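Thanks for making the time this morning. I would like to walk through one model with you, going element by element, and I will give the cut-offs as the terms come up.

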Amino acid sequence: MSTAARDSDSDSDNDGTDTETPAMSTTHKLSFKLNGKPASVEVEPRELLVHTLRERLALTGPHIGCETSHCGACTVDVDGSSVKSCTLLTVQCEGSDLLTVEGLEQGGALHAIQQAFHEEHGLQCGYCTPGMLTRCYRLLQENPNPSEAEIRYGIAGNLCRCTGYQNIVKAVQSAAKKLAAPEKKAA
Ligand code: FES
Ligand code: FES
């Protein structure tokens with residue numbers, strides 16, 4: 001389309017006779033399970049899950065890094081799958097089962113994967129850690145005895161700029177062993 005044609009269209013759109021009413025902002029009330037408990041929240045249709053969790057539900061574990069689905073800092077668990085909450089609309093979560101890093105510990109006891117990150121020094125600055133923990137939790141649910149290659153592949157969507165990943169791999173291996181030993185099983 002030529003510039004003249006675009007200008008012409010633009011003029012007709014802005015000739016003062018446009019009576020179109022601006023779109024009304026609507027909100028949606030949703031209910032879901034959050035870290036094992038029923039929760040409800042009212043959100044705008046365009047709202048992303050990471051913003052709802054952090055700003056409306058005070059769960060600041062899921063971090064915002066890239067907001068383009070690359071870094072994994074915002075990873076949470078939705079209906080048994082790892083999901084980057086910066087790319088999911090909250091309205092898509094009606095009736096879902098959501099788990100954030102805050103829901104990993106049970107009764108004040110760290111989950112085995114959290115304990116293993118602590119013991120194996122699987123973190124430094126900690127920015128990636130909440131997303132990494134929820135991803136590693138799901139990885140061990142999917143594959144309780146992963147090889148090193150499977151761990152590295154399983155966390156490929158979660159970036160860590162500090163650790164070089166070696167201690168994260170060790171932590172997942174350590175947690176896998178603990179979870180496989182019933183008498184020592186953590187929460
Ligand atoms: S903030 Fe969601 S993937 Fe980076
Ligand atoms: S511990 Fe700093 S980004 Fe992973």
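Helix α6 has 15 residues and reaches 21 Å from its first C-alpha to its last, close to the 21 Å expected at 1.5 Å a residue, where the expected span is 1.5 Å times one less than the number of residues. Helices here are DSSP runs of H or I with at least four residues, strands are runs of E with at least two, and both are numbered from the N terminus. Please keep in mind that this is a predicted model, in which local features need pLDDT of at least 70 and side-chain atom pairs count only at pLDDT 80 or more, while totals for chains, interfaces and linings use all residues. Residues are numbered from 1 along each chain as its sequence is written, and chains are lettered from A and ligands numbered from 1 in the order in which they are written.

Within α6, the buried residues are Asn167, Ile168, Val169, Ala171, Val172, Ala175 and Ala176; a residue is buried if 20 or more other C-beta atoms, placed from the backbone, lie within 10 Å of its own, exposed if 12 or fewer, and partly exposed in between. These buried residues of α6 pack against α3, α4 and α5, with contact taken as C-beta atoms, again placed from the backbone, within 7 Å.

Let me take the α3 partner in more detail. The axes of α3 and α6 come within 8 Å and cross at roughly 135°, the axes being lines fitted to C-alpha atoms, for helices over the stretch in contact, with angles running from 0 to 180 degrees between N-to-C directions. The two helices α3 and α6 are therefore oblique to each other, since under 35 degrees counts as roughly parallel, over 145 as roughly antiparallel, 65 to 115 as roughly perpendicular and the rest as oblique. On the α3 side, Ala112, Ile113, Ala116, Phe117 and Glu119 meet Ala171, Ser174, Ala175, Lys178 and Leu179 of α6.

Turning to α4, this helix covers residues 129-142, and its 14 residues reach 19 Å between the first and last C-alpha, close to the 20 Å expected. Is α4 mostly covered or mostly open? It is mostly covered, with 12 of its 14 residues buried, among them Met132, Leu133, Cys136 and Tyr137. Its buried residues pack against the strands β3, β4 and β5 as well as the helices α3, α5 and α6.

That brings us to the sheet, which is open, has 5 strands in the order β2-β1-β5-β3-β4, and shows mixed pairing; two strands pair if DSSP finds at least two bridges between them. Because β2 and β4 each have a single partner strand, they stand at the edges, and one side of each is left without a neighbour in the sheet. Neighbouring strands are turned by 40° against each other on average, direction ignored. The strands β3 and β4 run antiparallel and are joined by 4 bridges, and Thr75 has Lys84 in β4 as its bridge partner. Helix α4 packs on this sheet, and its direction makes about 40° with that of β3.

One residue in strand β1 is worth a look, namely Lys29, which counts as exposed because it has 9 C-beta neighbours inside 10 Å. Leaving aside neighbours within four places in sequence, Lys29 is in contact with Ser40 and Glu42.

Finally, for the chain overall, there are 6 helices and 5 strands, and buried residues make up 33% of the 187 residues.

Note on methods. Contact = placed C-beta atoms within 7 Å.
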